[in-house]
Amino acid sequence: MSDHSIEIREVALGLLREHEQVESERLHQIIEEIRRAGRLRHPILVDKRSWVILDGHHRFRAYKELGFETIPCVLVDYQSDIVSVRARRPDIPVSKDEVIRRALSGRLFPPKTTQHIVHTPLPSCPEHPS
């Protein structure tokens, strides 16, 4: 039986593994948004077993470039039915196994190849006290 619990917490950037490349223009846009806001509005989505980023590659890279050491993450069991994946590019087939394989091998998909759908409401980033 798969674990359907969702947990939000700060995770060290060095633990996380990417499965997709990023678009530089979008990355710079996100960096500016984070600079203005001082934080993320939405945590990134991560598989709690493999530390693979499912959604939030641009936010992850922006945090890295801005010198943060941790990032807010929603941790899910990727193998559960709470998360599904579909291809955004008709010429590149995707599956949960292929996402994990790409992340662990370093052979990243092109940007915006996958779309992960979470079939339950996700929490927002907690507010930081001023």
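In strand 3, Leu45 has Asp55 as its bridge partner. The model is predicted: local features require pLDDT of at least 70 and side-chain atom pairs count only at pLDDT 80 or more, while totals for chains, interfaces and linings use all residues. Residues are numbered from 1 along each chain as its sequence is written, and side-chain values use heavy atoms, with hydrogens and water left out.

Strands here are DSSP runs (E, at least two residues), numbered from the N terminus, and two of them pair if DSSP finds at least two bridges between them.

Leu45 also has a bridge partner in strand 4, namely Val74. Strand 2 (residues 44–47) and strand 4 run in the parallel sense and are joined over 4 bridges. Strand 4 pairs with strand 1 (residues 7–12) as well, in the antiparallel sense and over 6 bridges.

Together, 4 strands form an open sheet in the order 1-4-2-3, with mixed pairing. Strand 1 and strand 3 (53–55) stand at the edges; each has a single partner strand, so one side of each is left without a neighbour in the sheet. On average, neighbouring strands of this sheet are turned by 45° against each other, direction ignored; the axes are lines fitted to C-alpha atoms, and angles between N-to-C directions run from 0 to 180 degrees.

Strand 4 (residues 70–76) is mostly covered, with 6 of its 7 residues buried. Buried denotes under 20% relative accessible area (1.4 Å probe, protein chains only).

Conventions
Buried < 20%, exposed > 50% of the residue type's maximum accessible area, 1.4 Å probe, protein only.
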